[in-house]
Amino acid sequence: MTDELDLLREANPVSADTGPWRDRPLNARAELLLRQLPSRDRGRRTVRRVVWSLEAAAAATVLALALTVSGTPSSAVAASRPLPLVAHASRADVSLAEIVRRARTAAEESPGKSERGSHFQSWAPSMKSGEDPVTLPRESLTRWNADGSGFALEVATDPRHPGRPVIEDGPPPRTVHEGKVLSEERYPPGINSANQDYFEDPPAGASALRAYLAVWSPGADRDPAELLSAVQSFLTVWTPGPRQRADIVTLLSGIEGIRPAGTVADRFGREGQGFRFTSAPASRYLIVLDPDDGRVLDIEETITKADPEYRVKAGDVMSYTAYIS
Amino acid sequence: MSTDDAFDDAYREHYWAVSRFVARRLDGQSWEVEEVVAEVFSVAWRRRAELPESPLPWLYGVARHCLANAVRGKGRYRRLLAKLGHYEVTREGRTVASPDAERPGSWVLEALSRLAEADQEVLRLTTWEELTVEELGIVLGCGRSAAAMRLHRARRRLREQIETLRRDDRVSVGCTSGEGDRAHSSDRAEKAHKDGHA
């Protein structure tokens, strides 16, 4: 007679070999969950008070924005034009030279490699002539496996307003529920990000990295604004290890005209050290660094001159990227 | 290895096992399972300092609490647990209509559903999650000998229920075949379905 435990084993309703819960590498959703676990990102220096005040101020613009989005109650709309981050100068500020030194030390202590793949939150306005810009917040996750397979996932989220609808791009922009998958790409083994920029492994050393960035972003080796733009896009493809972090912050420290701005609490509540750089014709960048290891936390671009045609005024945020990993 | 790294490793290694644990106990859609699994790992992340060297039984323990909270909150806990034994037979008659007529799933699940919830859980953990007696103790929060005793008693009660069903239905467990048996099983499935909603 068959043992009762064997009978029960055979009656297992959820198999490890087949079906949706079978054993396999993590899928995109599981990867995203791992990255989104609460307080994963530097909770020890979270400054919620600042974030709340940003949210409160941003709430004033929600009504105006909602009017541009059809069929959505104004109180429920999450996305609004982000206010520029605010930097506060203090005696505790850490200089860029000191951050470079710390990043170098961190790299010597733990020379980990850069990881292909990224996780970031970005905001960018959808602008049309004669219309108010609409801000489109999204979170992107890209991961690559050893066999060259991978996935890229883009989800509508706005960490400033968890649980509320988010605005999605489209003609016209419309609200979607938070967490809606905007795009999901899966790549078979062997692709290994070959269809992306920066698909080759980044080199060691600041000057070599600058030349590498210039391959995909011509001008990055001459123009500081191009260099910043190249770093911004490089970080959407790669998650730098300690050495690369040190190289990046070394490149930033060499930009003529970069100035300390003070301590900044970003939209995730992370506290970092801000540095400003203004470039012609009308852009100002705020780069937020982790003062301990030089990690780039955020890059924000604001406009310095009003443009009535697109209804933007001086100081408006034109793009914003927060690097989560 | 840092605590965070250990957590990451545990997550990557056991995400699907925890998902199966939840799926076996939650009569819900995939997204509901994912929701509970997300809660399990959120709780585990907050308690990651307690993560043991062999984390899976510990994660199952966390999952038990999350699962109970999730379904209790909707007032469905008891009902779902009662229905659990009829999981397969209530899912479009999947087991009964299977071409593999010898599969004893519906019989055993029906017998299992007749046991007390504590007995059912001991048996599920042993067979479906394939835990050792020591691991069983970790999940249930008791010592090894207490776990062994609970398993021993639960096995005996399951055996009794199987014998009872066998006598009632005059069908050999593990030896069913032919249309007549399938018709019998279909009747049972319908009855079980009704019981599950009672």
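Here are some numbered notes on this predicted two-chain model, going from the overall make-up to a few single residues.

1. Starting with chain A, there are seven helices and 13 strands. Of its 325 residues, 38% are buried. If you take the contacts in chain A with a separation of 6 or more, 62% of them come from residues 24 or more positions apart.

2. As for contacts in chain B between residues at least 6 apart in sequence, 63% join residues at least 24 apart.

3. On to where the chains meet: 33 residues of chain B are in contact with 24 residues of chain A. On the chain B side, at least two residues each come from α1 (3-25), α2 (30-46), α5 (87-90), α6 (105-113), α7 and α9 (144-169). The top contributor is α1(B), with nine residues. Sorted by class, that side of chain B has 17 nonpolar, seven polar and nine charged residues.

4. Have a look at helix α7 of chain B, residues 117-127. Nine of its 11 residues are buried, so the helix is largely enclosed by the rest of the structure. The buried ones are D119(B), Q120(B), E121(B), V122(B), L123(B), R124(B), L125(B), T126(B) and T127(B). As noted above, α7 also supplies at least two residues to the side of chain B that touches chain A.

5. In the loop that runs between α7 and α8 (133-140) of chain B sits E130(B). Its phi is worth a glance: near 55 degrees, a positive value in a residue other than glycine. Most residues other than glycine have a negative phi. With 13 C-beta neighbours inside 10 Å, E130(B) counts as partly exposed; the exposed class takes 12 or fewer.

6. Back in chain A, there is a helix pair to check: α4 (residues 96-109) and α7 (residues 242-253), whose axes come within 8 Å and cross at roughly 160 degrees. Angles over 145 degrees count as roughly antiparallel, and α4(A) and α7(A) are therefore roughly antiparallel to each other. Their crossing is left-handed.

7. What does the contact between these two helices consist of? From α4(A) come L96(A), A97(A), I99(A), V100(A), A103(A), R104(A), A106(A) and A107(A). They meet P242(A), R243(A), R245(A), A246(A), V249(A), T250(A) and S253(A) in α7(A). By class, the residues of this contact divide into 10 nonpolar, two polar and three charged. On the spacing in such lists, an α-helix has 3.6 residues a turn, so residues three or four places apart point the same way.

8. Last one, W238(A), which lies in strand β8 (residues 238-239) of chain A. Is this tryptophan buried or partly exposed? It has 19 C-beta neighbours inside 10 Å and therefore counts as partly exposed, since a buried residue needs 20 or more. Leaving aside residues up to four places away in sequence, W238(A) touches S114(A), R116(A), S118(A), Y198(A) and P202(A).

Notes
Residues numbered from 1 in each chain as written. Chains lettered and ligands numbered in written order. Predicted model: local features only at pLDDT ≥ 70, side-chain atom pairs only at ≥ 80, totals over all residues. Helix = DSSP H or I, 4+ residues; strand = E, 2+ residues; numbered from the N terminus. Contact = placed C-beta atoms within 7 Å. Nonpolar A, V, L, I, M, F, W, Y, C, P; charged D, E, K, R; others polar. Axes fitted to C-alpha atoms, helices over the stretch in contact; angles between N-to-C directions. Parallel < 35°, antiparallel > 145°, perpendicular 65-115°, else oblique. Left-handed = near helix turned anticlockwise from the far one by under 90°.
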